[in-house]
Every structure is written in C-alpha cells, then in structure tokens.
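Work through the exercises below with the sequence and the 3D view at hand. Try each task before you read its solution.

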Amino acid sequence: MGDRWYSEAVVYCLDIDTYADSDGDGVGDIRGLIGRLDYLARLGVTCLWLHPIHPSPNKDDGYDATDFYNVDPRFGTLGDFAELLHQAQNRGIRVIIDLVVNHTSDEHPWFQSARSSPDSPYRDWYVWSDTEPDDRHQGMVFPGEQNETWSYDRTAKAWYYHRFYKFQPDLNFANPEVRAEIKKVMSFWLQLGVSGFRMDAVPFIIELTEPGNPNSPKDFEFLTEMRQHVQWRRADAVLLAEANVEPDQLPTFFGDSGSSGNRIHMLFDFMLNGRLMLALARQDPEPVIEALRDTPALPAGGQWATFLRNHDEIDLSRLTAEQRNQVYAEFGPDEDMRIYDRGIRRRLAPMLGNDRRRIELAYALQFSLRGTPVLRYGEEIGMGEDLSLPGRESIRTPMQWSFKPNAGFSTAEPEKLVRPVIDKGEFSYEKVNVTAQRRDPKSLLGWFERMIRTLREAPEIGSGATTHIDVPMPAGVLAHRADGPTGTMVFLHNLGTEDVEVDLSMLAPEADLPTDVLADRGYGEVGKLDNLKLAGYGYRWIRLCWAAKI
Ligand code: NOJ
C-alpha cells in the first residue's frame, strides 16, 4: 500500500442505530457494531465511515447534534467508542466519523444560550438578522420539507439562518471562536483515534452569510486552516468532504489556485454518481466517458470518493431535465420513489429490478473507476427499500443479518425498533440476509468479497491514472484502463443486453500474460485480446501486465 492509505481504501458507511443492537432496546449500538467487525474484515472493508455519533434529538437522523464531544447515549459511551477504535484497528480497519458542524441542533446548549440574550457569549456563534432578510425564501436544500432559510426566533427577537431544516441553525464561521472550537472538536476525536472526518455540507460551512445576499462570499481559507490543523494533529488523517457543487468549483475545494492540494483530500464524486445512473438507465456508457473526460485534474494527493448509493437521495439535479426524466422513467417511475424534485429515495438492487447481473455490473463498474469506493451497508447483500417510510428513511432500514425475528438486528419487540425491518416481498429479511448468503458461495455477498479482494490486488485502480480506451466498441460497452506503478489493468463493462465481441488487440504489445481476474463468468483465455467475448450485462477485469515481472 502506498503512503496515502485512503487512495487504496474500501470505505463502508453505516448508521450505528440501524446496524446491530447488542442490548435488545431496539436501537443499534457500538457494542453491536464491535460484534460485526469480523464480518466487515472478511468483506474486505478497510475504513468505516460512521454517520453522526453524537447526542441528538434525531430530527435529521443525527445530523443535528447537541454535543460534539460525546456519543449518543443510545449508542453507548465514549468508552465503548474507544473500544470500537481499538477493535477496528486490530483488524486493520480505520474509522472516520461524520463531522456535522455547519449547524447544530436548535437544542444545542450553544444555541439555547445564544437565543436567550443578545449578551450571551454564544450569541455571535450563530448567524442573526434583526430584520427579515429579503432572501428568506431562497437556497432551501429540502424543497417540499423546508420553505425558508431564515426563521424568526421569538425568544431571540431576531431572525436566524439555517441552510437546512429550521431546527438546524447555522454556526457563524466568521467568528474566530467558532473556528477555534471546531478545531478543538476535531482534535478531540483525532486524539481518541479516528482516522479523519466525513465533512458534512462543506460549501455551506465556508459561506460567510450576509442577510439578503443569496450569493454570500465563501472563505476557502478556512478549509486550508482546518487541513493544516488536522494534519499537525494526526499526520495520516483524512478529510472526505461532501461538496455537491458545479464541476468548475471543485478544484478550489482540493487546494488553492497553486494546485497544491492543501485543503480537502477526498471529495465525493456527485457528478460521476449522476452520470453513472444515467449510463445504467440508458444502457449506454457515454455519460461515464464524459465524466472521465470532464473530471478536473486533481492536485497531488487529491482523490475522488465514488459511490452508487449513500444515505441520502440519489441527487440528479446536475443532469438536464431530459436526462433526469430518463433516469426517473427507469429507476423511479412512481411519484413516491422521488424526493425533493431532484432525486430518488431507493436502494440499488430494487432500482435494477433485483437483476443480479446488473447489480454486479454496476458495482464492478463503480469499484473499477478512479477513486476510492464507498459502499453503503446492506448493498453487499442487495437490500431493498421501504417506501412506506417517510422521506429518506426508506433506505435507512435495519441491516438484515439472519432469518431470526427482526432480521437478527435486535431482540426487541418489533414496535420498539428504531425503524421497521423489511419483512415483505422479495427484499424481505427472510429472503435477503447475511446468514443465507454466507452459506451460499454464489451469493452477492460472496461476490462482493471476491470483488473487493481482487480490487486490493490491483492498486492501480485507487492510486493510478484511469482513462477511457478510445477505440471502436460495440454499443453499450465501456473499455477503460488503470495505470500505476504496479502495472496496468483493463476493464470491459457491457451496460447493454446484447452479447458482444471486443477487439483490444492494439493493447497486445503492452500485455504480459493478460488474464481475467474478475468476470461475470468464465470466458476462457484472454489470448491476443482480439476476440474478447462479453455477455449482455457482462464485465471483465483483465490484468494486462504487472510492472515487475512476476
Ligand atoms: C448532508 C447529509 O448527507 C444529510 O443527510 C443531512 O440531512 C444534511 N447534510 C444536513 O446535515
């Protein structure tokens, strides 16, 4: 592994409250997660991203904290958390946590004090306006659920800013005390042993909000400041940011104009995510080719984090209306599968009609593209969604471990569960669970284990350069390659239904005993690369050569 561990990591994200409940109270907890670390190690995960762990009234699934220096008592204690870090480390698994500091909960003691009096020491920790701002109804992130970004607080007798829900007042990062406090929060968790942070809502953290100005200036220097701070405290810590912005703005998040890579290490690739969805919907790789071509060059050490599903909706807002409608037609045909006028609140397996070939194809493609793959819990067994739950909760149901009641997630009475388990239809826990798939070597879980192991043997994918192989291809087929100090991998993915043959003989001079290392079936010898068969929805990962002859 290279120096930068995150380039070759496999990140797995989960919510502690829906993963494994060790004490039977219906809520997943840290000890439950510790009990599942061996499962995660076997899967090949090298880094866990934990959704918010702090105490919270939970009006936005923990993205509304009341204390940044503690863990939610429903999950356990700080002692349990330290034990989790130790046990994960024993298994070679790093842990990063969600850092949600754009805002706090309105129940946070800082906000309670701030609203109570203009003289409160915390008053200026939030963003206030004495008069009603003109842009009060602009910039909402959750249309349909939120209709303003400034709300009047009767106790404070002033308007406060909240980019997200009303109960999430924004912190004022123009205030040096706030900056210092957030750095202290980061130091605290680094000292405890986390390997970094998934930073929530970064474009809004750096916003210097001015009432009445919907395009308030941004202070990118704060990102430089945070990076420096974090790196001094823990040299190998990583910042993985959520910044769903226009592509031309992305480079500034990685580093200043000198392309020095002095800000965020890794950004989620939202552009690629939307285009992957479009490519899968159209059964045409062109959008992915465009994404590879259009990606801005990254400074040294900069890295993309790729994903198919996360805990939020699939955000299609950067596609054109026509493209979005194509994705909706394929993957979100019913109104209640959609959300916020821009996205889909479903898991991948049901979106792909629970077609095993397409699920493998989609994940083989994601994991072979440049960047560090992020996998959401439950996707490795093909879990489904529960559209009867409100909003994004549809994809936040408990992990399905076994045939036991409550899917083996908890021994509590079903009505006490944090969220109901899926117990109906083809995605019911009786049909989709870890235990069943563990017994079956041909299961999706078994496939994920093999695929991740193969990925680990191909470091070019994470830390090399990925390019489209621009030669004539049958319709539906994407050919790309990854080149790194260790050698070259070549990938074929057929997004279409037709069986095809591919000619890659132009690569033969570079080849040294080319071999399929992962494929949807046994295709036989790779030979001279001139007649590579590829089934409909098929894929082949071919090791073209190792840099060193082995
Ligand atoms: C982005 C998170 O991914 C989302 O789940 C949350 O609701 C908002 N930020 C607000 O924190």
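Two strands pair if DSSP finds at least two bridges between them. Helices (H or I, at least four residues) and strands (E, at least two) are DSSP runs, numbered from the N terminus. This is a predicted model, where local features need pLDDT of at least 70, side-chain atom pairs count only at pLDDT 80 or more, and totals for chains, interfaces and linings use all residues. Residues are numbered from 1 along each chain as its sequence is written, and side-chain values use heavy atoms, with hydrogens and water left out.

**Exercise 1. Find the order of the strands in the open sheet that holds E4, and name its edges.**

Solution. 
- Step 1: Start with E4 and E6. They run antiparallel and are joined by two bridges.
- Step 2: Find one pair of facing residues. Ser129 stands opposite Trp159 in E6.
- Step 3: Write the order. The three strands lie as E4-E6-E5, with antiparallel pairing.
- Step 4: Name the edges. E4 and E5 each have a single partner strand, so one side of each lacks a neighbour in the sheet.

**Exercise 2. Which residues of helix H4 (residues 109-116) are buried, and what do they pack against?**

Solution. 
- Step 1: Apply the cut-offs. Buried means under 20% relative accessible area, exposed over 50%, partly exposed in between (1.4 Å probe, protein chains only).
- Step 2: List the buried residues of H4. They are Trp110, Phe111, Ala114 and Arg115.
- Step 3: Look down the axis of H4. Its buried residues fall within an arc of 120° (taken from the directions from the helix axis to the C-beta atoms), so they line one face of the helix.
- Step 4: Find the partners, using contact (heavy atoms within 4.5 Å). The buried residues of H4 pack against strands E4 (128-129), E5 (150-153) and E6 (158-161), and against helix H5 (176-192).

**Exercise 3. Which residues of H3 and H5 meet?**

Solution. 
- Leu78, Phe81 and Leu85 in H3 meet Phe188, Trp189 and Leu192 in H5.
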